[in-house]
Amino acid sequence: MTQNLSYQTDAKVQKNRWWILVAVGLFTFMSTLDGTIVNIALPVISNDLRISMSQSEWVVSLYLIVVCSFILFFGKLSDLQGKIKIFRLGAIFFIAGSLLSGFKVNLLFLLIARAIQAFGAAMTMATNNGIITEIFPHTERGKALGTIGSFVALGSIAGPGLGGLILSHLSWSYIFWLNVPVGLVAAIIGAIFLPKDITFTKAPLDKTGSFAFALGMVSLFGGIFLGQQLGFTAAAVLLMLAIGLLSFCWFVYTENHATNPLLRFSLFKNPDFSVSLLCALLIFITNFFFNVVTPFYLENARHLSPSQAGYILMILPLVQLFAAPVAGSISDKISPKLITFIGLLLLLVSQIGYYLCNLTSPLWLFIVSIAIMGLGSGIFSSPNNSLVMSSVEQKDLGVAGSINSLSRNLGMVIGISSATTVLFAAMSAKKGVRVTEYLPKQPEIFIYGMHIVFLISIIICLVTVILSDWRLFKKD
């Protein structure tokens, strides 16, 4: 039963709403950050644990796969059992997983710890937008969701820069252990200020749909990541991809026949909801194209030190950190569709800037492009979050928030899995032989591959601009 109560009429909750935003935002930042910050530490982890680089890549891949597999389940569960309850439980799992991940035991121990961490991250990601939407009044919702959006985008892009700065002074364990004190502070704030759940629905959980979706995610993306190591014609890879596709067909069939489905496909009939999700997915793919290519360009091609590259990369999250709340606040007063359109235009300009860079171009061109990307991402993310969450009924806030988070995490997975494939395929085509790493004596081969990657990013951003333009001017 959905109770006829509202946090927005509760004076105590409204008094503490910004503290609640701090607690939710900190976990949102950390859970997103941990999908990206580990990349830069993989060579060090490989040496310490005496494993190959291909094995160490599962430290990143497993985290993203687990988050994508369970985020929809926890979104639906939070609608049934209470968003704040699921969020609190997720915080415990995330902190415990972070603590365990820092111990240098062996690869299996690290992967289990990362799975626990990702399990908790899926809980907090699935509920953050729903909690904020329920607590903040309509006049402040855009600003609040914009702040959450800035934490998400900040976490997704700040990883390489922040990770590089940590590794220059501390061991890789602190990449994970940093979450523990920050997480405890956020958990304490949450324990003090988060209210009890008042909005929930007691209904059966779609266990079959949940299992089919998780199996599809694990099999499909596990097969993709394994295929990058073994080749996509390997029997094990083909089997996993087939199981993944069949599982998703099973999921669609189940959802169309279930009384209380995990995901109601009717939600996607709302164009504001669907277009906003698609744009978020595409933009996060381009973000991770950027994350993969930039370290090669700055450190290998332009011969900057890791700390210099880290400082340059931190420009993006810093600009975004200030832009997102401002854009969210403005979206409370004027059309969020217009603001997202402007943000996407800026993102398109930034990708063109990257495309124009080469071995001899002034470094300021790349730096300015990074700043424009941070501004565009901040302007886009806030009102886009607001559009997603304001386009569904209150009873669907949990699942809508989880779908919103899923679209971003899928963008991260697709971006990571395809960026290196595109880069090295382009380099191989230029070289005439198979290339799987940077060629120090032929940096122009890398520049060619980089241009192909950013050309695809330009096309993706152009698609989002066209979609946003259609949404802006269509008749409701």
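## Helices α5 and α7

Helix α5 (residues 58-81) packs against helix α7 (residues 107-135) at an angle of about 35°, and the two axes are 7 Å apart. The crossing of α5 past α7 is right-handed. In the contact of α5 with α7, 21 residues are nonpolar, four are polar and one is charged. This geometry, like everything else in this report, comes from a predicted model.

## F93 and its partners

F93 belongs to helix α6 (residues 83-101). With a relative accessible area of 31%, F93 is partly exposed. Leaving out residues up to four places away in sequence, F93 touches I116, Q117, F119, G120 and M123.

## Helix α13 against α19

Helix α13 (residues 271-301) meets helix α19 (residues 443-473), with axes that come within 10 Å and cross at roughly 160°. The angle makes α13 roughly antiparallel to α19, because angles over 145 degrees count as roughly antiparallel. The crossing of α13 past α19 is left-handed. Sorted by class, the contact of α13 with α19 holds 24 nonpolar, four polar and two charged residues.

## Helix α13 against α16

The axes of α13 and helix α16 (residues 336-356) come within 12 Å, with a crossing angle of roughly 25°. The two helices α13 and α16 are therefore roughly parallel to each other, since the limit for that label is an angle under 35 degrees. The crossing of α13 and α16 is left-handed.

On the α13 side, the residues that meet α16 are D272, C279, I283 and F290. On the α16 side, they are K337, L344, L347 and Y354. By class, the contact of α13 with α16 has six nonpolar residues, no polar residues and two charged residues.

## F380 in helix α17

F380 lies in helix α17 (residues 363-390). F380 is buried, and its relative accessible area is 3%. Apart from residues up to four places away in sequence, F380 touches C279, A280, I283, T340, G343, L344 and L347. Among these partners, C279 and I283 are also α13 residues in the contact with α16, and L344 and L347 are α16 residues in that contact.

T340 is another partner of F380. The two residues F380 and T340 are 40 residues apart in sequence, and their C-alpha atoms are 4.4 Å apart in space.

## The largest nonpolar core

The largest nonpolar core has 138 residues, and V38, Y297 and F446 touch the most other members. Helix α13 gives the largest share of this core, with 17 residues.

Not counting residues up to four places away in sequence, V38 touches I45, V59, V60, R114, I175 and F176.

Most residues other than glycine have a negative phi. R50 is a residue other than glycine with a positive phi, near 55°. R50 is found in the loop between α3 (42-49) and α4 (53-56). R50 is exposed, with a relative accessible area of 78%.

H303 is not a glycine either, and its phi is positive at about 60°. H303 sits in the loop between α13 and α14 (306-313). With a relative accessible area of 65%, H303 is exposed.

## K431 in helix α18

K431 lies in helix α18 (residues 397-431). K431 is partly exposed, at a relative accessible area of 34%. Setting aside its neighbours within four places in sequence, K431 is in contact with L439, Q442 and I445.

K431 and G376 are 55 residues apart in sequence, and the C-alpha to C-alpha distance between K431 and G376 is 35 Å.

Methods:
Residues are numbered from 1 along each chain as its sequence is written. This is a predicted model: local features need pLDDT of at least 70, side-chain atom pairs count only at pLDDT 80 or more; totals for chains, interfaces and linings use all residues. Side-chain values use heavy atoms; hydrogens and water are left out. Axes are lines fitted to C-alpha atoms, for helices over the stretch in contact, and angles run from 0 to 180 degrees between N-to-C directions. Helices (H or I, at least four residues) and strands (E, at least two) are DSSP runs, numbered from the N terminus. Angles under 35 degrees count as roughly parallel, over 145 as roughly antiparallel, 65 to 115 as roughly perpendicular and the rest as oblique. A crossing is left-handed if the near helix is turned anticlockwise from the far one by less than a right angle, and right-handed if clockwise. Ala, Val, Leu, Ile, Met, Phe, Trp, Tyr, Cys and Pro count as nonpolar, Asp, Glu, Lys and Arg as charged, and the others, Gly among them, as polar. A nonpolar core is a set of buried Ala, Val, Leu, Ile, Met, Phe, Trp, Tyr and Cys residues joined through side-chain atoms within 4.5 Å. Buried means under 20% relative accessible area, exposed over 50%, partly exposed in between (1.4 Å probe, protein chains only). Contact means heavy atoms within 4.5 Å.
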